[in-house]
2 protein chains.
Amino acid sequence: MKALTLASSQESKLLLTQVQAGALKAHEVQIKVKAAALNHRDEWCRQGLYPNIQDGVILGSDGAGVVTDLGAEVDAKWLDQEVIINPALNWGDDQRAQGKEFQILGMPSNGTFAEFINVPVDRLHPKPKHMTWEEAAALPLAGLTAFRALNYRGRLQAGENLLVTGFGGGVAQFAAQFGLAAQANVFVSSSSEAKISKALQLGAKTGYNYQNENWTDLALAETGGFDLIIDGAAGDALNDLVKVAKPGGRIVFYGATLGNPGELAARKIFWNQLNIMGTTMGSDLDFEEMLAFVSKHQIKPLIDEVYNLENASKAFEKMNKGNQLGKLVLVP
Amino acid sequence: MKALTLASSQESKLLLTQVQAGALKAHEVQIKVKAAALNHRDEWCRQGLYPNIQDGVILGSDGAGVVTDLGAEVDAKWLDQEVIINPALNWGDDQRAQGKEFQILGMPSNGTFAEFINVPVDRLHPKPKHMTWEEAAALPLAGLTAFRALNYRGRLQAGENLLVTGFGGGVAQFAAQFGLAAQANVFVSSSSEAKISKALQLGAKTGYNYQNENWTDLALAETGGFDLIIDGAAGDALNDLVKVAKPGGRIVFYGATLGNPGELAARKIFWNQLNIMGTTMGSDLDFEEMLAFVSKHQIKPLIDEVYNLENASKAFEKMNKGNQLGKLVLVP
């Protein structure tokens with residue numbers, strides 16, 4: 001079968017190649033991949049920016065497809081089912097945090113950027129009926145991360161002021177969409193006026209361009225502060241978020257693309273009773289609740305562009321530049 | 001009446017002087033102060049380290065005494081009652097955070113370091129029966145802060161591993177005592193072996209000397225990490241706490257005596273699903289629950305030394321040096 005492997009993380013080199021489909025183990029199924037989607041994680045794997053990167057692995061965490069073969073001890077009902085894959089492997093039984101065995105599909109285990117993939121049957125869920133294959137493939141990793149950040153970690157309530165920073169990234173767009181569906185007052189920030197326009201179109205109340213030095217003053221004056229902030233950047237910009245959070249507010253961050261924050265304003269954090277909470281991915285329960293939520297509210301992922309597997313390098317380039325608005329989808 | 005006023009914050013100068021007892025307003029009572037206690041806040045007021053410090057104010061947040069006079073619209077039942085004073089004024093009705101009107105007794109309003117004090121009747125609670133006057137006076141501000149940090153903010157559960165940093169300070173000693181009563185596994189840190197010994201005597205499992213460079217490795221190896229950490233220092237030491245927190249753990253800090261943390265390890269915080277939460281003082285509900293808790297568990301504050309009001313400057317000196325173990329109490 002055709003598959004996109006990480007040929008060399010040292011040279012950031014991908015390879016579209018023919019590989020043998022793996023033999024099915026007990027409790028596994030084979031899925032014919034109808035669509036897959038990129039995450040920043042895939043680009044970071046390509047660049048070797050994670051510990052324990054293994055060359056030769058098929059990349060890809062997000063995918064949806066049809067079950068084409070069953071390993072031992074798998075119920076026959078699964079054959080021919082249209083499914084979406086939960087890419088969180090071995091979370092464990094603690095809702096608060098993943099266990100030591102936790103992995104994400106697509107490194108070090110083979111991922112979704114291939115014609116077929118073998119996954120444990122307990123990772124499968126019915127494909128949401130209101131979504132195309134491309135949309136279903138775009139949902140898992142970023143949708144799960146956003147849903148846990150908003151719901152289990154952030155405890156978003158209807159009517160609250162929600163700020164989603166860096167609108168345009170996968171998690172951020174889902175956080176904004178989920179927040180709108182949960183009847184929060186949704187605000188976004190971005191450095192791109194085009195992305196802000198898109199957020200307003202979706203129903204966001206205001207978008208703040210964080211390159212404007214006064215954006216925190218503006219936001220405070222207009223909103224009175226945010227109850228919940230979902231952020232993937234951290235870095236020194238975290239102090240801006242401390243500034244625009246309401247007393248008692250929550251800042252939930254799922255990444256640190258700007259690196260470590262320096263000189264965090266400690267006095268403001270304790271006097272204002274703020275909560276700074278880290279989150280990553282989500283538990284099996286988070287995934288189930290996320291699927292129920294998107295079905296209930298008929299939410300469809302934003303898709304920036306769809307590529308053939310042959311053109312995957314173009315999708316990685318676009319991810320690297322960060323100009324996309326919505327998910328980048330690969331179709332084998 | 002005799003009272004200890006802040007003569008000059010610029011010169012860090014206190015003055016024991018004769019002042020006229022204030023006239024009672026409606027809803028106020030006059031209390032003959034039986035005992036009062038120092039907090040770091042009093043020393044910081046003396047040094048002018050808060051915004052809006054006003055010279056001439058009588059210092060002191062903690063106090064207990066007997067009601068000697070009633071203002072208009074106060075129920076006659078209060079006369080002659082033995083009471084403890086809640087020093088949190090105008091918290092407001094949001095349990096998550098104090099409102100804009102919030103103040104702490106003893107600056108800018110006149111405090112407890114005097115023979116008499118006038119306070120709103122809704123700040124009064126019956127003095128806990130199992131405490132002496134000195135013990136009752138030692139409880140309010142630090143006990144409230146510790147109780148909210150552990151309970152409303154930290155959600156401490158029986159059987160959890162609790163680390164209290166900087167054992168010896170007022171809030172830290174209450175946090176350790178409350179944690180023991182709540183059946184947590186209590187650990188402390190300190191730079192003083194004498195303070196660590198005292199914590200072990202009280203029932204702490206281990207004390208870590210944070211001047212030992214390996215204390216985080218030791219603590220992780222011995223405990224497997226902490227579910228909840230109560231800290232008043234922040235600063236760069238916060239990264240040590242991030243290191244020894246269990247995945248999903250909570251770090252609640254009520255002060256920043258070491259200043260702002262630099263270069264916080266963001267990746268560790270989100271990957272380990274950590275919670276860094278600020279807290280200060282507590283709501284009226286926190287105070288009521290704290291009083292019920294100390295009565296139920298017959299907890300008595302640790303008292304380092306009792307001074308006459310005439311010797312208050314010695315108590316302030318000791319607070320400034322930070323060598324005390326337990327509260328410094330003043331008796332008018």
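A: **Strand pairing and the chain interface**

In chain B, V66(B) has E82(B) of β5(B) standing opposite. This pairing belongs to a predicted model. The strands concerned are β4(B) and β5(B), the latter covering residues 82–85, and they run antiparallel to each other over three bridges. β4(B), residues 62–70, also pairs in the antiparallel sense with β3(B), residues 28–37, in this case over eight bridges.

β15(A) and β15(B), the latter spanning residues 275–278, pair antiparallel over three bridges. I276(A) has I276(B) of β15(B) as its bridge partner.

Contact involves 39 residues of chain A and 39 residues of chain B. Together the two chains bury about 2,900 Å², and carbon and sulfur atoms contribute 51% of that area. On the side of chain A, the residues that lose the most area to chain B are F270(A), W271(A) and Q273(A), which together account for 23% of what that side buries.

Polar interactions also cross the interface. Between chain A and chain B, 25 residue pairs are in polar contact. Four elements of chain A each give two or more residues to the side that touches chain B: α3 (140–153), β14 (245–253), α8 (266–271) and β15 (275–278). Of these, α8(A) gives the most, with five residues. Sorted by class, this side of chain A comprises 19 nonpolar, 12 polar and eight charged residues.

Side chains of opposite charge can pair when their charged atoms come close. Two salt bridges are found across the interface of chain A and chain B. R96(A) and E160(B) meet in a salt bridge, with an N to O distance of 3.8 Å.

The count of salt bridges over all chains of the structure is 26. Among them is the pair formed by the side chains of D227(A) and K246(A), at 3.3 Å from N to O. Because D227(A) lies in β13(A), residues 226–231, and K246(A) in β14(A), this pair ties together parts that are 19 residues apart in sequence. β14(A) is also one of the elements that give two or more residues to the side of chain A touching chain B.

In chain A, the peptide bond from M107(A) to P108(A) is cis, with omega near 5 degrees. P108(A) is located in the loop between β7 (103–104) and β8 (116–120) of that chain. Chain B likewise has a cis peptide bond, joining M107(B) and P108(B), with omega about 5 degrees. P108(B) lies in the loop between β7 (103–104) and β8 (116–120) of chain B. Elsewhere in chain A, D80(A) has a positive phi of about 70 degrees, although this residue is not a glycine. The loop between β4 (62–70) and β5 (82–85) of chain A holds D80(A).

As for annotation, an unreviewed UniProt entry lists residues 9–330 of chain A as "domain: Enoyl reductase (ER)". In the model, that span is 29% helix and 26% strand, and its end C-alpha atoms lie 20 Å apart.

Technical notes: Residues are numbered from 1 along each chain as its sequence is written. Chains are lettered from A and ligands numbered from 1 in the order in which they are written. This is a predicted model: local features need pLDDT of at least 70, side-chain atom pairs count only at pLDDT 80 or more; totals for chains, interfaces and linings use all residues. Side-chain values use heavy atoms; hydrogens and water are left out. Contact means heavy atoms within 4.5 Å. Buried area is the accessible area (1.4 Å probe) that two parts lose on being put together, summed over both. A salt bridge is a side-chain nitrogen of Lys or Arg within 4 Å of a carboxyl oxygen of Asp or Glu. A polar contact is a pair of N or O atoms within 3.5 Å; within protein, one must be able to donate a hydrogen and the other to accept it, and residues adjacent in sequence count only if both atoms are side-chain atoms. Ala, Val, Leu, Ile, Met, Phe, Trp, Tyr, Cys and Pro count as nonpolar, Asp, Glu, Lys and Arg as charged, and the others, Gly among them, as polar. Two strands pair if DSSP finds at least two bridges between them. UniProt positions are given in the numbering used here, feature names are shortened, and annotations may be inferred rather than shown by experiment.
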